[in-house]
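Hi there,

Here is the structure I promised to pass on to you. Have a look at it first, and then read on for what turned up.

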Amino acid sequence: VSKKIQAIYLWWHKPVIDQELLQSLPNLKVIANSGAGMDHLDLELVASFGVKMANAPHAVSSSTADTGMALLLASARRLVEGYHIAISSDMEYCEADFLGVEVTGATLGIIGMGSIGYKIALRAKAFAMNILYHNRTQRKEQEEQAVSATYCKKIDNLLQQADFVMVVVSLTPQTHKLIGKRELELMKPTATLINISRGAVVDQEALVTALQTGVIRAAALDVTYPEPLPRDHALLKLKNVIITPHLGSKTDKATYMITEEAVENILAALKGLPMPSEVLPS
Amino acid sequence: MWYHKPLINEELLQSLPNLKIVASSGVGIDHLDLNLLSSYGVKVSNTPFVVSTDTADLGMALMLASSRRLVEGYQIAVSPDTKYFPADWLGTEVSGATLGIVGMGTIGYKVAERAKAFEMKILYHNRNQRNKEEESAVGAIYCKKIDDLLQQSDFVLLSVNLTPQTQKLMGKRELELMKPTATLINISRGLVVDQDALVEALQNKVIKAAALDVTYPEPLPRDHPLLKLKNVIITPHIGSATKKTRRLMMENMIESIQMGLKGLPIPNEVL
């Protein structure tokens, strides 16, 4: 059987692509990933076996942007806490005390303005949010104007002004622990951190400390390191944290589109044609 | 007047001979007997516009949380029994879906503005059709008959005010017209929905889910079936519950009171 396999469609990082597997599949031509992130693959190793790789960047962008907005809104308005109060058997809260923070008109700082980050900006603009962004490269003027986004060449400027900091970068050696103690301390004490990128982009220990000591107001995380977190992890117990199980692009529509993108790439690779979303080792 | 307290009835009005004005927090005035107050010469004010953006934001928050199963997801993420995240666990997409807004007043319109950015197709039902510029600014299509809206929508959002005409606006008939894959979002008043019919519809999968910021009563009795359904999100009437908006509401109310006591025209007077 292993001689027949020409393509692998990776679903949620399985199977694990290592030297052993690659050696056992001599006719493997292409690996198509279900999603945009490629941090779980050793791109050089795969390429050294002459195997092509593809991701699915377009299918995930709307649903992941939606997740980012869902987390931003849920955190700001304390939706999960509110739900527990509404259904709890001893509902004796004093309404006047239960307040969240405003989203409309607040400042959103987007770290990583790729396709997902840009779709977040499009959505946030409709909430009349003031949008700042930090990216390896500045976007074109028309793109900036379309979402009224201001470029912050230095991440510090973004962190100091934002009410909501949304992390939407891909995980690379450069973005590993991008948000650490220093960055969290630059944020406003009333600010919220939202992570829809990868857990390893945030220094989790530093985040726990920051949340416990009021350095920042709250966090909403669709991604952690590892996933799931150990059951005794401090993040699971903090009242001002919302964690979701990597929902990012988990919708029926996105799943269908991801698979379509993967199949397109696989067929192109097997025919020796240009692949729509080939990923090369940097 | 904060959150419908104190209760304004004949007894209270008779015991306060010098009462000039009742300033009510929020936009809804369904809890006040306007004729009764008028007969005692007492003026009434509310805080109509300042609550609009927060309430629209909450409508969007509920729609996103429900469709992406955020509350369920949170429970999985923090549960002591979770060993891995299930790979076959999916929500439904908001982007590109159809939103039907019932009640296109200030709040409904702001919901439309936000939903447009998610590339949603927007239908609306209202007593009156909005003008062409307003409609095209948000890409909203008027449904003169509520049935048309109900049959086509993936999300039905209620943002009407409560009047005798809108009481039980959403009943068994309306719920059955909705798609079985649709979600009902209520940010108006609990009484706009026939709650018993809603429970049945949810239990029998006539509709997929509901997200309610308002119920009748508030809070619901602790043994109410709505509290137990997995496909229901309830929040404790937090539509306008942000620090900034509450502060603005109070400022509005004080202004109305001060003007009322001076015998001057009252801002936000309800007639």
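**The sheet in chain A**

In chain A, 3 strands make an open sheet in the order S1-S2-S3, with parallel pairing. Strand S1 (7-10) and strand S3 (52-54) of chain A are at the edges with a single partner strand each, so one side of each has no neighbour in the sheet. From one strand to the next, the twist averages 15°. Please keep in mind that this is a predicted model.

As a bit of background, strands of a sheet pair through backbone hydrogen bonds, and they can do so in parallel or antiparallel fashion. Here, strand S2 (residues 30-33) of chain A is joined to S3(A) by 3 bridges, and the two run parallel. To see one of these pairings on screen, find A:Ala32, whose bridge partner in S3(A) is A:Ala54. Helix H10 (residues 252-270) of chain A packs on the sheet and touches S1, S2 and S3 of chain A. The direction of this helix makes about 160° with that of S1(A).

Chain B has its own helix H10, which covers residues 243-261. H10(B) has 19 residues and reaches 27 Å from its first C-alpha to its last, close to the 27 Å expected at 1.5 Å a residue. Which residues of H10(B) are buried? They are B:Thr245, B:Arg246, B:Met249, B:Met253, B:Ser256 and B:Gly260. These residues lie on the same side of H10(B), because they cover an arc of only 100° around the axis. The general rule behind such patterns is that an α-helix has 3.6 residues a turn, so residues three or four places apart point the same way.

The cover over the buried residues of H10(B) includes strand S1 (21-23), strand S2 (43-45) and helix H3 (52-67) of chain B. On the face turned away from the buried side, you will find the exposed residues B:Lys243, B:Lys244, B:Arg247 and B:Leu261. After H10(B) comes B:Gly263, which has a positive phi, near 75°.

**A glutamate to look at**

Finally, go to A:Glu102, in the loop between helix H4 (79-87) and strand S4 (107-111) of chain A. Is A:Glu102 buried or exposed? A:Glu102 counts as buried, because its relative accessibility is 16%, and the cut-off for buried is under 20%. Leaving aside residues up to four places away in sequence, A:Glu102 touches A:Phe164, B:Asp54, B:Thr242, B:Lys244 and B:Thr245. With B:Thr245 there is also a polar contact between the two side chains, at 2.8 Å.

Enjoy exploring!

Terms used: Residues are numbered from 1 along each chain as its sequence is written. Chains are lettered from A and ligands numbered from 1 in the order in which they are written. This is a predicted model: local features need pLDDT of at least 70, side-chain atom pairs count only at pLDDT 80 or more; totals for chains, interfaces and linings use all residues. Side-chain values use heavy atoms; hydrogens and water are left out. Helices (H or I, at least four residues) and strands (E, at least two) are DSSP runs, numbered from the N terminus. Buried means under 20% relative accessible area, exposed over 50%, partly exposed in between (1.4 Å probe, protein chains only). A polar contact is a pair of N or O atoms within 3.5 Å; within protein, one must be able to donate a hydrogen and the other to accept it, and residues adjacent in sequence count only if both atoms are side-chain atoms. Contact means heavy atoms within 4.5 Å. The expected span of a helix is 1.5 Å times one less than its number of residues. The arc is that of the directions from the helix axis to the C-beta atoms. Two strands pair if DSSP finds at least two bridges between them. Axes are lines fitted to C-alpha atoms, for helices over the stretch in contact, and angles run from 0 to 180 degrees between N-to-C directions.
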